[in-house]
Amino acid sequence: QVQLVESGGGLVQAGGSLRLSCAASGRTFSSSAMGWFRQAPGKEREFVAAITWSGFSPFYADSVKGRFTISKDNAKNTVHLQMNSLKPEDTAVYYCAYARNLAVVIGSPDYWGQGTQVTVSS
């Protein structure tokens with residue numbers, strides 16, 4: 001069982017920045033990956049970014065490439081999502097995800113956080 005707690009959501013103006021954090025606890029996998037998804041009202045939850053816990057190549061959705069950066073802090077069992085040049089269409093609930101490897105975290109995560117709201121105004 002893995003518990004994930006997101007933080008850092010809030011209100012920002014278009015063009016602004018926000019940094020999300022997700023802390024993992026519990027029985028984590030020895031080889032794992034963490035990522036971020038988002039879901040806007042009436043839409044499917046979509047993949048945003050992911051990274052292996054070992055730090056091997058981060059992976060991003062095309063919609064956020066060049067604007068968002070995923071990073072990790074192994075000592076704190078935490079993953080971050082730095083979001084720059086935010087757009088109104090980035091508005092969504094952002095969910096942290098955890099899985100046994102990169103492919104699984106992107107396609108079907110083993111665990112989810114509770115979500116944190118990100119609202120970008122124009």
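**Entry 1. Basis of the notes**

I worked from a predicted model, in which local features need pLDDT of at least 70, side-chain atom pairs count only at pLDDT 80 or more, and totals for chains, interfaces and linings use all residues. Residues are numbered from 1 along each chain as its sequence is written, and side-chain values use heavy atoms, with hydrogens and water left out.

**Entry 2. Salt bridges**

I took a salt bridge to be a side-chain nitrogen of Lys or Arg within 4 Å of a carboxyl oxygen of Asp or Glu. Side chains of opposite charge can pair when their charged atoms come close. My search of the whole structure gave five salt bridges.

I then looked up accessibility, where buried means under 20% relative accessible area, exposed means over 50%, and partly exposed lies in between (1.4 Å probe, protein chains only). Arg38 is buried, at 6% relative accessibility, whereas Glu46 is partly exposed at 36%.

I next examined Lys65 and Asp62, whose side chains meet in a salt bridge of 3.2 Å, N to O. Lys65 is partly exposed, with a relative accessible area of 48%. Asp62 has a relative accessible area of 65% and is exposed.

I also noted a salt bridge between Asp110 and Arg100, with the closest N and O atoms 2.9 Å apart. This pair links distant parts of the chain, 10 residues apart: Asp110 is in the loop between helix 1 (102-107) and strand 10 (111-112), and Arg100 is in the loop between strand 9 (92-99) and helix 1. For these elements I used DSSP runs numbered from the N terminus, with helices (H or I) of at least four residues and strands (E) of at least two. Asp110 is partly exposed at 27% relative accessibility, and Arg100 is partly exposed at 43%.

I recorded one network as well: salt bridges that share partners join Arg38, Glu46, Arg67 and Asp90.
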